[in-house]
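Please look over the sequence and the structure shown here before reading on. The report that follows takes up the surface and charges, then the overall fold, and then a few individual residues.

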Amino acid sequence: MIPTTSSRLPKFLIVQVIPKTTKQEEITTELAETKQLIDTFGGTVVSEIIQRLDHPSPNFYIGAGKVEELKLLCDSNGIDVVVVNGLVKSSQLFRIEKELWTVSPKIMVWDRIDLILNIFDQHATTLESKLQIKLARATHMGPRIYGLGKTELSRQGGGVGTRGKGETNIEFERRQIKVDQQKIKKELKKLIKQKQNRLTKRTEMGIGPVALVGYTSAGKTTLFNTLTGKQKEMNKGLFTTLDTVVGKLKSPNFEQPILVSDTIGFISNLPPVLIDSFKSTLLESLEAKLLLHVVDAHDPQVLEKISVVDEILLSLKANQPVILVLNKCDIIDEAALQSIQEKIEKYISSRESDVRTVQLISAHTGAHIEELVSHIETFFESKMR
Ligand SMILES: Nc1nc2c(ncn2[C@@H]2O[C@H](COP(=O)(O)OP(=O)(O)OP(=O)(O)O)[C@@H](O)[C@H]2O)c(=O)[nH]1
Ligand SMILES: [Mg+2]
């Protein structure tokens, strides 16, 4: 069990397999993001193993020699959780976990999705997001769900994590899990229907909606608060926002308010299972008339992150007009800003997206917010003509 309430933070070890041709810079960035995720979860990274392999090994994902190294490191550092940063097969995670039983049966082995789901778990407040997490977890865990490993889910399942279970038991669990999944899906379907009705009603009450989308921690909620005068939680960590909230932006140009929605942030290597389960949360964005794609212009990886978000929007078939909002201008110097703007212009012209405008702002200080609002107004005025 993870010692979350004890005096120390759970200790994490990151395992990363990297193709031989990957540049050092990319490795550093990827590791930094994983560390940030672990930090958000509330853990501390005490060790890492990086293996250069063009193809992950079929048995353990990492090579057998690295498994031995992993055991030693887990033992000497008192590791609680090993995070294998990648899309790892459930059977591979289980095999690693089994190897680690000789060190301690308490060590858990997660992949990136498990880590993200466990962060989601901490932030889920509505029945909808709780169900979505449950469903994504059940789909993602594969054989691990049958109580073969001592994973978070099996722990939550209340003692399912005992080893050496008979075939009959596993068969029974397998059937039970299928039944549970069907139940969750049915419940979610009902919630989506109710939500769709609410959305239709709400749309009649205002203009829009405008949806804030973007990479996690880009500043969506900060901008949402600035635009609507609300006080939603914003945070340095990733995935602070999990559920969608709608607020009103009052404009003297219109009788009705402009509706603005804030939703969950995206991240690279977000697997389809997660996107799929969060479709109902993303409903507001999918049905919006205009998207504000918020980016952290101060981030050195800004272009890569814009492209990740664009790909996810594409996969969700969200092809509405976009205003690209370059946020955090208060902490960027003039020269860096110019270079970023040029790169972004180039990126936009190379893609078939519907970016109407690029607007630099600071959601934090409020700089250039009026210009952004004016772009939003112009968009809806043109629609009404
Ligand atoms: N300097 C500066 N910091 C900002 C600005 N906007 C947001 N931030 C900071 O960026 C961090 C993330 O902000 P959020 O508004 O929570 O970001 P988000 O996109 O909603 O993040 P998630 O909901 O976690 O996906 C917080 O620490 C904010 O204070 C800005 O304009 N300037
Ligand atoms: Mg947020």
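## Surface and charge

The accessible surface of the protein amounts to about 18,800 Å², and carbon and sulfur atoms account for 52% of that area. These values, like those below, refer to a predicted model. The protein carries 51 positive and 47 negative charges, and the mean position of the positive charges lies 8 Å from that of the negative ones.

## Overall fold

The protein contains 13 helices and ten strands. Its radius of gyration is 23 Å, which is close to the 21 Å that the globule rule gives for 385 residues, so the protein is as compact as a globular protein of that length. Taken along the principal axes, the box filled by the C-alpha atoms is roughly 70 × 50 × 40 Å.

Of the 385 residues, 53% count as buried. When contacts between residues at least 6 apart in sequence are considered, 74% of them join residues that are at least 24 apart.

## Aromatic pairs

Across the whole structure, a search finds five aromatic pairs. One of them joins Phe41 and Trp110 in an edge-to-face arrangement, with 5.4 Å from centre to centre and 85 degrees between the planes. Because Phe41 belongs to helix α1 (residues 24-41) and Trp110 to strand β4 (residues 108-111), this pair ties together parts that are 69 residues apart in sequence. Both Phe41 and Trp110 are buried, and together with Phe12 these two residues form one aromatic cluster.

Phe379 and Phe380 also form an edge-to-face aromatic pair, for which the centres are 5.0 Å apart and the planes stand at 85 degrees. Both of these phenylalanines, Phe379 and Phe380, are buried.

Leaving aside residues up to four places away in sequence, Asp114 touches Leu93, Val109, His140 and Arg144.

Technical notes: Residues numbered from 1 in each chain as written. Chains lettered and ligands numbered in written order. Predicted model: local features only at pLDDT ≥ 70, side-chain atom pairs only at ≥ 80, totals over all residues. Heavy atoms only, no water. Helix = DSSP H or I, 4+ residues; strand = E, 2+ residues; numbered from the N terminus. Rg over C-alpha atoms; globule rule 2.2 N^0.38 Å. Buried < 20%, exposed > 50% of the residue type's maximum accessible area, 1.4 Å probe, protein only. Contact = heavy atoms within 4.5 Å. Areas by Shrake-Rupley, 256 points an atom, 1.4 Å probe, with all protein chains shown as cover. Lys, Arg positive; Asp, Glu negative; His and termini not counted. Charge placed at Lys NZ, Arg CZ, Asp CG, Glu CD. Phe/Tyr/Trp six-rings, centres within 6.5 Å; stacked < 30°, edge-to-face > 60°.
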